[in-house]
Amino acid sequence: MSIPEFTETSGSSPTAPRAPAAHSQTLSRGIRVLEILAETDKPMSIVELAAALDVHRSIAYRILRTLEDHGLVVRDPAGLVRLGARLAALARGVSRDLQAAALPVLTRIANELGMTAFVAVLDQGKVVTLVSIEPRQAHATVAQQPGTRHPLQMGAPGIAIQSGLGAAQWAALGHPENRRSEAGEVAALGYASSHNEVIPGLSSIAVPLIVPGESPASLAVVYISSLHSPADIGAVLTAAARTIVAELS
């Protein structure tokens, strides 16, 4: 049987364990609204957002009004809600140095390979797109919007991030699943690859991007089809990752 921990006062009398700090339910719901809107590819109605939050429409409306006052969401003439431009200004401050170093490299890769290039970072057990660039000239491109999230166990960016995690880092994530077997092959191959995982019909190639002081990350491209071999794409990404790390060292 476990024994509860007690703290001692100045008089050495035991006191009851401290209750966990209270959290703001309203703030949590507001953040969840932003996450829901970031994960969808179209504006949503208040009714849809209320259902996604599992709250009454009046509560969802009050949350949206507050977010709207701060420019984090906007409503179109039909009353549909989407993310506001203010979020872009806030996002520029996230890993600012990494974004600044990556942008010219991503631009070069995107135009050289004719693919959407992006940096993905590990955030609370999810893979999140930090910054992305689409090629200037391509018959068909894939939009990879910053803020897009997907499970760590899916896709080349997640596999590449897994390959760069130490044992303690992996254990700290608390994932019940084992690492993808492909993560152990990244060192030998030089890259991770996936097809038809995160988005049906799309392929992705990624390499680890390990920058001291930054969250575990990967440098990746996503595409429909390509004349370049995965090995050639991996070599381009590996050289690009070295360039970014050198810029930040």
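1. Gln124 sits in the loop between β5 and β6; helices (H or I, at least four residues) and strands (E, at least two) are DSSP runs, numbered from the N terminus. The model is a predicted one, in which local features need pLDDT of at least 70 and side-chain atom pairs count only at pLDDT 80 or more, while totals for chains, interfaces and linings use all residues. Residues are numbered from 1 along each chain as its sequence is written, and side-chain values use heavy atoms, with hydrogens and water left out.

2. Gln124 has a positive phi of about 50° although it is not a glycine. Most residues other than glycine have a negative phi. With a relative accessible area of 74%, Gln124 is exposed (exposed means over 50%, buried under 20%, partly exposed in between, with a 1.4 Å probe and protein chains only). Asn196, in the loop between β8 and β9, also has a positive phi, about 65°, and is not a glycine. Its relative accessibility of 46% makes Asn196 partly exposed.

3. Ser194 belongs to strand β8 (residues 192–195) and is buried, at 11% relative accessible area. A polar atom of its side chain lies 2.9 Å from the backbone nitrogen of Ala156. Leaving aside residues up to four places away in sequence, Ser194 touches Gly155, Ala156, Leu202, Ser203 and Ser204 (contact means heavy atoms within 4.5 Å).

4. Helix α6 (residues 155–163) is largely enclosed by the rest of the structure, because eight of its nine residues are buried. Among these are Gly155, Ala156 and Gln162.

5. The largest nonpolar core has 31 residues, and Ile109, Val119, Leu219 and Val221 have the most contacts inside it. Such a core is a set of buried Ala, Val, Leu, Ile, Met, Phe, Trp, Tyr and Cys residues joined through side-chain atoms within 4.5 Å. At least two residues of this core come from each of α5 (96–113), β5 (116–123), β6 (126–133), β9 (203–209), β10 (217–223) and α9 (230–248). The largest share, eight residues, is from α5. Another core, of 19 residues, lies apart from it and includes Val127, Val142, Ile159 and Ala192.

6. Helices α2 (residues 46–53) and α3 (residues 57–69) pack at an angle of about 105°, their axes 9 Å apart. Axes are lines fitted to C-alpha atoms, for helices over the stretch in contact, and angles run from 0 to 180 degrees between N-to-C directions. The two helices, α2 and α3, are therefore roughly perpendicular to each other (65 to 115 degrees). Residues making the contact include Ile46 and Leu53 of α2 and Arg57 and Leu64 of α3.

Technical notes: A polar contact is a pair of N or O atoms within 3.5 Å; within protein, one must be able to donate a hydrogen and the other to accept it, and residues adjacent in sequence count only if both atoms are side-chain atoms. Angles under 35 degrees count as roughly parallel, over 145 as roughly antiparallel, 65 to 115 as roughly perpendicular and the rest as oblique.
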